[in-house]
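Student: I would like to go through the pockets and salt bridges of this protein with you. Could you show me the structure?

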Amino acid sequence: MPIFDTHAHYDSNGFTADRDSVLSALPNAGVELVVDPGCDMKSSRAAVALAERCSFVYAAAGIHPSDCAGIGEAEFSALRELCGHEKVVAVGEIGLDYYWKDNPPRAFQQMVFRRQIELAIELDLPVIVHDREAHGDSLSIVLEYPEVRGVFHCFSGSPEMALELLKRDWYLGFDGPITYKNAQRAPEVIAVTPLNRMVVETDSPYLSPVPLRGKRNDSRNLPYIIEKLAQWKGVSPEEMTRITWENGLQLFPKIGLTFSREKK
């Protein structure tokens with residue numbers, strides 16, 4: 001069964017030395033689809049360029065909260081144009097990050113987040129949400145827009161927050177941290193998350209799972225995450241692979257339609 005990495009940053013400088021060789025190795029490892037989200041206009045354009053030359057890679061375009069300082073109308077206009085590209089399947093990575101003290105002010109992050117959600121609604125695209133130490137505000141803002149859908153990337157909120165999102169048909173992304181010893185809340189969140197709302201991510205080159213923690217991550221490490229989810233949900237790794245593949249196609253309808261046509 002093929003594997004879908006719904007969040008990996010192959011445009012990152014972490015892959016400068018061997019990007020092409022890593023990407024060319026993924027299909028032989030069973031990884032047949034990857035979404036590469038941008039974090040600012042430069043990386044969003046790089047993700048699109050990568051998607052243009054690699055058939056199984058798709059892009060998301062967005063402005064990350066840590067990179068939103070100085071963003072104005074020119075950037076929002078450029079982002080809208082980029083999101084019209086045929087291989088851009090979501091607006092992301094967007095959201096709130098209150099962890100880093102030198103990030104832009106919270107009110108400004110929230111404005112940029114809202115503007116990008118509104119763009120996603122306008123273009124009928126899902127969103128990829130980054131939420132770090134900002135659970136209350138992240139949830140509050142997405143609930144202002146009942147028509148928006150997407151995924152909370154590397155979900156780290158409470159089971160109660162998860163249930164609020166799940167009631168509204170959001171997806172939750174699970175990454176390497178669910179394999180860490182200190183992942184105390186992860187089993188509780190996974191327990192309340194139905195199988196049809198889970199997607200798997202690496203966030204490459206970051207967040208390598210155990211037993212590779214501390215090393216550069218890539219999509220070939222997804223089986224460690226899949227196995228942990230399968231264990232907690234009482235299904236086989238093969239079944240979890242199938243489920244998360246199908247969920248990824250549902251989360252990103254443009255890929256689902258394109259991939260279905262290509263497979264015929």
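Predicted model: local features only at pLDDT ≥ 70, side-chain atom pairs only at ≥ 80, totals over all residues.

Student: How do the residues of the lining of the largest pocket divide into nonpolar, polar and charged?

Tutor: The largest pocket holds about 1,300 Å³ of space. Of its 43 lining residues, H130, R132, C154, D203 and L207 are the closest to the centre. Sorted by class, the lining has 16 nonpolar, 14 polar and 13 charged residues.

Student: Which elements each supply at least two residues of that lining?

Tutor: Both helices and strands take part in lining the largest pocket. The elements that each give at least two residues are α2 (41–53), β4 (88–97), β5 (127–132), β7 (171–174) and α7 (186–192).

Student: And which residues lie nearest the centre of the second largest pocket?

Tutor: That pocket holds about 220 Å³ of space. Its lining divides into 8 nonpolar, 2 polar and 4 charged residues. Of the 14 residues that line the second largest pocket, those nearest its centre are D124, L125, P126, E147 and R149.

Student: Which elements give two or more residues to the lining of the second largest pocket?

Tutor: We are looking for elements that contribute two or more residues there. They are α4 (106–123) and α9 (237–251).

Student: Now to the salt bridges: how many residues apart in sequence are the parts that R216 and D18 tie together?

Tutor: The side chains of R216 and D18 meet in a salt bridge, at 2.8 Å from N to O. R216 sits in the loop between β8 (198–200) and α8 (222–233), and D18 in the loop between β1 (3–5) and α1 (19–25), so the parts they tie together are separated in sequence by 198 residues.

Student: Is R114, which forms a salt bridge with E144, buried, partly exposed or exposed?

Tutor: The closest N and O atoms of R114 and E144 are 2.8 Å apart. Buried means under 20% relative accessible area and exposed means over 50%. R114 has a relative accessible area of 25%, so R114 counts as partly exposed.

Student: Which residues are linked with E164 in a network of salt bridges?

Tutor: E164 forms a salt bridge with R168, with the closest N and O atoms 3.0 Å apart. The network that includes E164 also links K167 and R168.

Note on methods. Residues numbered from 1 in each chain as written. Heavy atoms only, no water. 1 Å grid on protein atoms, 1.4 Å probe; cavity = no way out; pocket = protein on both sides within 12 Å on 5 of 7 lines; lining within 4 Å. Points joined across faces, edges and corners; volume = space filled by probe spheres on them. Helix = DSSP H or I, 4+ residues; strand = E, 2+ residues; numbered from the N terminus. Nonpolar A, V, L, I, M, F, W, Y, C, P; charged D, E, K, R; others polar. Salt bridge = Lys/Arg side-chain N within 4 Å of Asp/Glu carboxyl O. Buried < 20%, exposed > 50% of the residue type's maximum accessible area, 1.4 Å probe, protein only.
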